[in-house]
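I opened the structure to look up a few points about its packing and its surface. My entries follow in the order I made them.

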Amino acid sequence: MDNFHKFLMILITIIIDAVFLYILRNEQVNQAEKCYIYGIMLIHIIFTFALLTDNNKIIDLSHIFLFISIYLGVFIQNRSILILLTTLSLTQITLKTLFGGCIMCTKEEQSFGKFVDRYNQNFVYIAVVIMLYRLFL
């Protein structure tokens, strides 16, 4: 994994966590959304540590959690969190297009399973459409 990609992922992670802290401090969030935010922030701490120590197994596990968190985003009620998740998803799509592949991948073939490897990005597109629909509803 390229050092520039690691730096970019750490920067994005810090920005996401800063926005989550802002949301927790300044907005009304329900208990499920608080648990969602705290869970993601815990994963981010572990993910950043894995990036700094080149622990590919934890990076791969965090990769899976990234997509789970995006999919769970379709159930979020708070507009600010929805905006953040939509922006994150669109950023992921843009980076994948710019770099010719996901910058979070530790190897050419992730092998999360044939179904997941083949269709995961399509599910991200669907999640983005659902979140955008909910934002403009």
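Is Leu11 buried, partly exposed or exposed? I note that this is a predicted model. I looked up where Leu11 sits, and it is in helix H1. Its relative accessible area is 37%. The cut-off for buried is under 20% and for exposed over 50%, so Leu11 is partly exposed.

**Surface patch.** Leu11 is one of the residues of a nonpolar patch of about 670 Å², together with Phe4, Phe7, Ile15, Val19, Leu98 and Phe99. I looked up which helices contribute: H1 and H4 each give at least two residues to the patch. H1 has the largest share, with five residues.

I set a general point beside this: in soluble globular proteins, nonpolar side chains tend to be buried together.

**Core.** The largest nonpolar core contains 36 residues, and Phe20, Tyr36, Ile37, Ile81 and Met131 have the most contacts inside it. At least two residues of this core come from each of helix H1 (3-26), helix H2 (31-53), helix H3 (56-72), helix H4 (79-99) and helix H5 (114-136).

I picked Met131 from that list and looked up what it touches. Leaving out residues up to four places away in sequence, Met131 is in contact with Ile70, Gly73, Val74, Leu82, Leu85, Thr86 and Ser89.

**Helix H2.** I checked the length of H2. H2 has 23 residues, and from first C-alpha to last it spans 33 Å, close to the 33 Å expected at 1.5 Å a residue. I listed its buried residues: Glu33, Tyr36, Ile37, Ile40, Met41, His44, Phe47, Ala50 and Leu51. I found that these buried residues pack against H1, H3 and H4. Tyr36 and Ile37 are among them, and I had already met both as residues with the most contacts inside the core.

**Salt bridge.** How many salt bridges does a search of the whole structure find? I got one. It joins the side chains of Lys6 and Asp54, at 1.9 Å from N to O. Lys6 is in helix H1 and Asp54 is in the loop between H2 and H3, so the pair ties together parts 48 residues apart in sequence.

I looked up the accessibility of both partners. Lys6 counts as buried because its relative accessibility is 11%. Asp54 counts as partly exposed, at 47% relative accessibility.

Technical notes:
Residues numbered from 1 in each chain as written. Predicted model: local features only at pLDDT ≥ 70, side-chain atom pairs only at ≥ 80, totals over all residues. Heavy atoms only, no water. Core = buried A, V, L, I, M, F, W, Y, C linked by side-chain atoms within 4.5 Å. Buried < 20%, exposed > 50% of the residue type's maximum accessible area, 1.4 Å probe, protein only. Helix = DSSP H or I, 4+ residues; strand = E, 2+ residues; numbered from the N terminus. Contact = heavy atoms within 4.5 Å. Salt bridge = Lys/Arg side-chain N within 4 Å of Asp/Glu carboxyl O. Patch = residues over 30% accessible without salt bridge, like charges linked within 9 Å, V, L, I, M, F, W, Y side chains within 5 Å. Areas by Shrake-Rupley, 256 points an atom, 1.4 Å probe, with all protein chains shown as cover. Expected span 1.5 Å × (residues − 1).
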